[in-house]
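Here is a short briefing for a reader new to this structure. Keep the model in view while going through the points.

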Amino acid sequence: MAIRKSHKLSQPAVIKQILKRCSSLGKKQCYDEDGLPLDVPKGHFVVYVGENRSRYIVPISMLSHPEFQCLLQRAEEEFGFDHEMGLTIPCEEVVFRSLTSMLR
């Protein structure tokens, strides 16, 4: 009987994977020599929120907040992290803006 390895990644590994994918996505932006979007400052990443998939640039420090981590878990459950749309947060824009303004 073969032993199966769990495909469950640790939280730091998942966050690193998210940041790697998010930093290299975006269709209409200019990129630097490392393939990173020029309009995203160092220490930030892009998420898409709401029905219209509005683009938001958020600081990496948001990843340490439990409330934001809940949004990431919902995003993983609903969309997964392995798709071409970028990190999409299943949340209304008004709620997302309110949450992020409280966490800053």
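On one side of α2 in this predicted model, Pro-66 and Glu-77 are exposed. The buried residues of α2 are Phe-68, Leu-71, Leu-72 and Ala-75. Seen down the helix axis, these buried residues fall within an arc of 100 degrees, so they line one face of α2.

**Helix α2**

- Helix α2 covers residues 66-79, which makes 14 residues.
- At 1.5 Å a residue, α2 should span 20 Å. The C-alpha atoms at its ends are 20 Å apart, which agrees with that expectation.

**Where α2 meets α3**

- Helix α3 is made of residues 93-103. Its axis and that of α2 come within 10 Å and cross at roughly 145 degrees.
- From α2, the residues in this contact are Glu-67, Phe-68 and Leu-71. From α3, they are Phe-96, Leu-99 and Leu-103.
- By type, the residues of this contact divide into five nonpolar, no polar and one charged.
- Phe-68 and Leu-71 are among the buried residues of α2, and both take part in the contact with α3.

**The sheet**

- Three strands form an open sheet, and the pairing is mixed. Their order is β2-β1-β3.
- β2 (54-59) and β3 (88-89) stand at the edges. Each has a single partner strand, so one side of each is left without a neighbour in the sheet.
- α3 packs on the sheet and touches β1, β2 and β3. The direction of α3 makes about 15 degrees with that of β2.

**Strand β1 and its partners**

- Strand β1 holds residues 44-49. It is mostly covered, with five of its six residues buried.
- β1 and β2 run antiparallel, joined by six bridges.
- Val-47 has Tyr-56 in β2 as its bridge partner.
- Val-49 stands opposite Ser-54 in β2. Val-49 also stands opposite Ile-89 in β3.
- β1 pairs with β3 in the parallel sense, over two bridges.
- The hairpin of β1 and β2 has four residues between the strands. In this hairpin, Gly-50 takes a positive phi near 85 degrees.

- His-44 lies in strand β1.
- Is His-44 buried or partly exposed? With a relative accessible area of 30%, His-44 is partly exposed.
- Leaving aside residues up to four places away in sequence, His-44 touches Ile-57, Val-58, Pro-59 and Ile-60.
- One of these, Ile-60, is 16 residues from His-44 in sequence. In space, the two are 5.1 Å apart, C-alpha to C-alpha.

**The whole protein**

- How many helices and strands does the protein have? Its secondary structure comes to three helices and three strands.
- Along the sequence, these follow the pattern α-β-β-α-β-α.
- The protein has 104 residues, of which 36% count as buried.
- Take the contacts between residues at least 6 apart in sequence: 45% of them join residues at least 24 apart.

How values were computed:
Residues are numbered from 1 along each chain as its sequence is written. This is a predicted model: local features need pLDDT of at least 70, side-chain atom pairs count only at pLDDT 80 or more; totals for chains, interfaces and linings use all residues. Side-chain values use heavy atoms; hydrogens and water are left out. The expected span of a helix is 1.5 Å times one less than its number of residues. Buried means under 20% relative accessible area, exposed over 50%, partly exposed in between (1.4 Å probe, protein chains only). The arc is that of the directions from the helix axis to the C-beta atoms. Axes are lines fitted to C-alpha atoms, for helices over the stretch in contact, and angles run from 0 to 180 degrees between N-to-C directions. Contact means heavy atoms within 4.5 Å. Ala, Val, Leu, Ile, Met, Phe, Trp, Tyr, Cys and Pro count as nonpolar, Asp, Glu, Lys and Arg as charged, and the others, Gly among them, as polar. Two strands pair if DSSP finds at least two bridges between them.
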